[in-house]
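Dear colleague,

Please find below the structure for your review. My findings follow it.

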Amino acid sequence: MIPYGHQYIDEKDIEAVCSVLRGDWLTQGPTVESFEKALAAKVGCRYAVTFSNGTSALHGAMFAAGVEKGDEVITSPMTFAATSNSALYQGGVPVFADIDERTGCLDPEKAMEKLSHRTKVIAPISYSGYPVKLSPFMEMARSVGALVVEDGCHALGASRDGFMVGQEADMTVFSFHPVKHITTGEGGAVVTNDEELARKLRLFRSHGITKDPDEMENADGPWSNEMIDLGYNYRLTDLQCALGLSQLEKLDDFVSYRRAVAGRYDEVLAELPGAVIPAGHPGHGYHLYAFRVPADIRKKLFLDLRDEGIWVQVHYPPVHLHPYYRKSFGYKIGDFPVAERFYSMEISLPVYVGLSESDQGLVMRKIEDMLKNP
Ligand SMILES: *Cc1c(COP(=O)(O)O)cnc(C)c1O
């Protein structure tokens, strides 16, 4: 079987986790801070705060941005449900805007139409690893006093205009799920240059409890701690952070590998009838290779490939069409036609570190057969 995504674990990763198991700290120990420092250094920003997964990291970012009941969060329907769900967890209202058909990312003009004095966050997604241009969203957000939270779960290691993804937005969220660029099993992080946002993120991932005497109202001894906000237990363990540290050392190689896979697909698939290869970008991270074919043959291609053991996927059924979103907000088919059309054509081809050239060749031959003889 050839999956669409897969982790890459080597003996160094295994040894890194084992050494934590032999030590004193399984959680809340020094490896958490080591991983956070290394991650912040890697993306070139001041702070990284780890979370138990990418979804809890998004939730933390919405909290730190101050999203409260009724506040609006503008985002894309072409994403995993976790992006807009994180606004809901805080009582916020997700406001979708349509996408740019070329890149699959939030369209700034469409987002602009949704901007209001109730907008608290604009949350573009660097869909598939294509680094969405942030400056229009930053400008829009500044004009109404909102923040930009980039969902960078597809884009660790990607870059644009000389900046790594993670450096430009007020906060950028990463996931370390096994299909993402680096893995900690489950895991996530928020990176930021803002000290106050970093403080809020740390507070939120550990029950809202502080041990800092300066933040306490009634400290009466060295044992004191105070819950000063409602937080959660969203911590990442030292075991996971050891794996993350070890994986992070390989990030540059991982991204190069993915770009090489994408380059080979581009060359062969661009020539095929009806095929649309993903928009290129020199800083693309290629979490996904989001290939498109005419909507009327997408399902057949999907089933034919799965019959051959090629476990393709579709990213994503637009979030506004999930029954929960339809029922809660009255969304319906036709609300975001560009995202809906993109979805009807999309098929994510295998791209991961360790995908062999011969396995990739097999994938491309099957697609070629099918598209030439539909
Ligand atoms: C993976 C992903 C998430 C959620 O990350 P988890 O670690 O699985 O919770 C959020 N947004 C996007 C776009 C993702 O791809």
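**Helix packing and ligand contacts**

The crossing of helices H10 and H13 is right-handed. This comes from a predicted model, as does everything that follows. H10 spans residues 295-307 and H13 spans residues 357-372; their axes lie 11 Å apart, at an angle of about 140°. Since angles over 145 degrees count as roughly antiparallel, H10 is therefore oblique to H13. On the H10 side, the contact is formed by Ile-297, Lys-300, Leu-301, Asp-304 and Leu-305, and on the H13 side by Val-363, Lys-366, Ile-367, Met-370 and Leu-371. These residues comprise 7 nonpolar and 3 charged, with no polar ones.

The crossing of H1 and H8 is right-handed. From H1, the residues Lys-12, Asp-13, Ala-16, Val-17, Val-20 and Leu-21 meet Asp-238, Leu-239, Ala-242, Leu-243, Ser-246 and Gln-247 of H8. By class, the contact of H1 with H8 holds 7 nonpolar, 2 polar and 3 charged residues.

Turning to the ligand, 15 residues surround it, with Gly-54, Thr-55, His-154, Ser-175 and Lys-180 the closest. An N or O atom in the His-154 side chain is 2.8 Å from an oxygen atom of the ligand. Lys-180 places a polar side-chain atom 2.9 Å from a ligand oxygen atom.

Yours sincerely

Terms used
Residues numbered from 1 in each chain as written. Predicted model: local features only at pLDDT ≥ 70, side-chain atom pairs only at ≥ 80, totals over all residues. Heavy atoms only, no water. Left-handed = near helix turned anticlockwise from the far one by under 90°. Helix = DSSP H or I, 4+ residues; strand = E, 2+ residues; numbered from the N terminus. Contact = heavy atoms within 4.5 Å. Nonpolar A, V, L, I, M, F, W, Y, C, P; charged D, E, K, R; others polar. Near = heavy atom within 4 Å. Polar contact = N/O pair within 3.5 Å; in protein donor to acceptor, adjacent residues only side chain to side chain. Axes fitted to C-alpha atoms, helices over the stretch in contact; angles between N-to-C directions. Parallel < 35°, antiparallel > 145°, perpendicular 65-115°, else oblique.
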